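This briefing concerns the pockets of one protein model and the residues that line them. Please consult the sequence and structure shown here while reading.

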Amino acid sequence: MPRAAITAVGHFLPETKMTNFDLEKLVDTNDEWIRTRTGIRERRILREPGKATAYMCSRAAQEILDQRGIDPEEIDLIIVATVTPDMLFPATACLVQHEIGATNAWGYDLSAACSGFLFALSAGARFIETGAHKKVLVIGADMMSSIMDYTDRTTCIIFGDGAGAVLLEPHEEHGLVDFVHKVDGSGGEHLRMDAGGSLHPASHETIDKKMHYLIQEGRQVFKFAVKGMSGVAAEVAKRNNLSGDDIKYLVPHQANLRIIDATANRVGIGRDKVMINIDRYGNTTSGTIPLCLYDWEAELRPGDNIILAAFGGGFTWGATYLTWAYDGSQVPGALERQQNTLEEA
Ligand code: UT7
């Protein structure tokens with residue numbers, strides 16, 4: 001059975017930046033509080049009328065097609081992880097399929113909040129490993145600004161917009177090796193959006209009560225996130241006999257720098273081996289992990305041991321162990337990206 005390997009990475013980030021200083025003008029907060037409590041300096045916001053999550057996904061997917069010279073007709077499957085689809089249906093994956101001209105692909109959306117990309121990656125990998133498909137696009141994207149209450153200082157300072165995409169292809173040696181995925185629905189109440197689904201369809205009342213905005217009990221989620229994300233990352237490392245020294249990079253969901261540090265500690269690695277871009281993009285929900293892979297692509301070499309880890313609403317959480325399949329420094333533009341990342345860090 002072949003492995004399912006990540007063989008290309010693409011991204012899209014809106015140009016508009018919203019800094020902590022911009023937020024100081026909207027809510028009672030300050031740059032120092034946000035930086036020390038979360039690690040965030042600024043985030044990106046999509047402010048182009050008529051453009052939303054599907055647009056960001058399509059741009060990320062198109063970057064992969066262009067970079068690799070792949071005909072869109074070669075794509076077999078598109079899985080989009082998101083909690084901010086353009087609409088409830090059609091699925092974002094269908095909009096992306098049409099936009100990029102992937103006329104032979106099928107696809108679907110997967111809703112698992114911040115763990116969405118990891119769960120979608122596992123799903124996509126099975127279609128490669130079984131031989132059903134040769135090229136699967138897995139995209140993690142969220143336009144969190146569309147469900148943000150910019151009068152609620154406990155949430156609006158955290159989230160941003162962005163998309164990351166990877167291509168999965170069969171590989172003889174490298175690719176996804178193992179995963180630990182979990183959900184615990186008893187935590188659902190702590191991080192949610194109440195209206196817009198079948199329980200509370202949009203009405204004057206839901207609008208008046210601000211039920212179309214994300215609600216988070218930060219402290220509760222924080223506690224579970226530290227335990228959950230560090231627990232699964234350590235578990236997947238241990239059962240694959242990986243010590244801190246064996247791991248080239250930990251790629252954590254970017255929710256809070258303190259949660260990231262706790263996970264790195266538990267896995268036994270220093271910050272130099274952790275991909276961190278929360279300072280520049282905030283929490284893009286499904287987008288965080290592929291956006292990290294995009295920024296650090298030039299550092300990655302065949303055989304590198306990588307652990308991805310996430311925690312999010314649901315609760316959902318998980319970790320994935322994979323070995324990298326290609327020399328990222330050979331990808332056009334990747335070295336420049338890496339340079340920018342280092343300079344801005
Ligand atoms: O990605 C999905 C999963 N999500 C997460 O993993 C997020 C997990 N949670 C967190 O990251 C953190 O809980 C937050 C960043 C949301 C909040 O940080 P915290 O250290 O847990 O703060 P807190 O909620 O305990 O609040 C501490 C104080 C409170 O004031 P009092 O009650 O001590 O007087 C808050 O009212 O900070 C206040 N506060 C703020 N002050 C300035 C809350 N938000 C702000 C703010 N600016 N934006």
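A pocket is an open set of grid points, on a 1 Å grid over the protein atoms alone, with protein on both sides within 12 Å along at least five of seven lines. The model is predicted.

**Largest pocket**

- The lining comprises 37 residues; Val83, Thr84, Pro85, Ile147 and Met193 are the ones that lie nearest the centre.
- By residue class, the lining consists of 19 nonpolar, 14 polar and four charged residues.
- At least two lining residues come from each of strand E5 (106-110) and strand E9 (191-192).
- The largest pocket lies between domain 1 (3-173) and domain 2 (177-344), because both domains give residues to its lining.

**Second largest pocket**

- This pocket is lined by 28 residues, and those nearest its centre are Trp33, Ile158, Gly218, Arg219 and Asn256.
- Two or more lining residues are given by each of helix H2 (31-38), helix H7 (218-239), helix H8 (257-267) and strand E12 (305-312).
- Helix H7 provides the largest share of the lining, with six residues.
- The lining of the second largest pocket divides into 13 nonpolar, ten polar and five charged residues.
- Domain 1 (3-173) and domain 2 (177-344) each contribute at least three residues to the lining of the second largest pocket.

Definitions and conventions: Residues are numbered from 1 along each chain as its sequence is written. This is a predicted model: local features need pLDDT of at least 70, side-chain atom pairs count only at pLDDT 80 or more; totals for chains, interfaces and linings use all residues. Side-chain values use heavy atoms; hydrogens and water are left out. On a 1 Å grid over the protein atoms alone, a cavity is a set of points where a 1.4 Å probe fits but cannot get out, and a pocket is an open set with protein on both sides within 12 Å along at least five of seven lines; lining residues have an atom within 4 Å of a point. Helices (H or I, at least four residues) and strands (E, at least two) are DSSP runs, numbered from the N terminus. Ala, Val, Leu, Ile, Met, Phe, Trp, Tyr, Cys and Pro count as nonpolar, Asp, Glu, Lys and Arg as charged, and the others, Gly among them, as polar. Domain bounds come from an automatic or database domain assignment.
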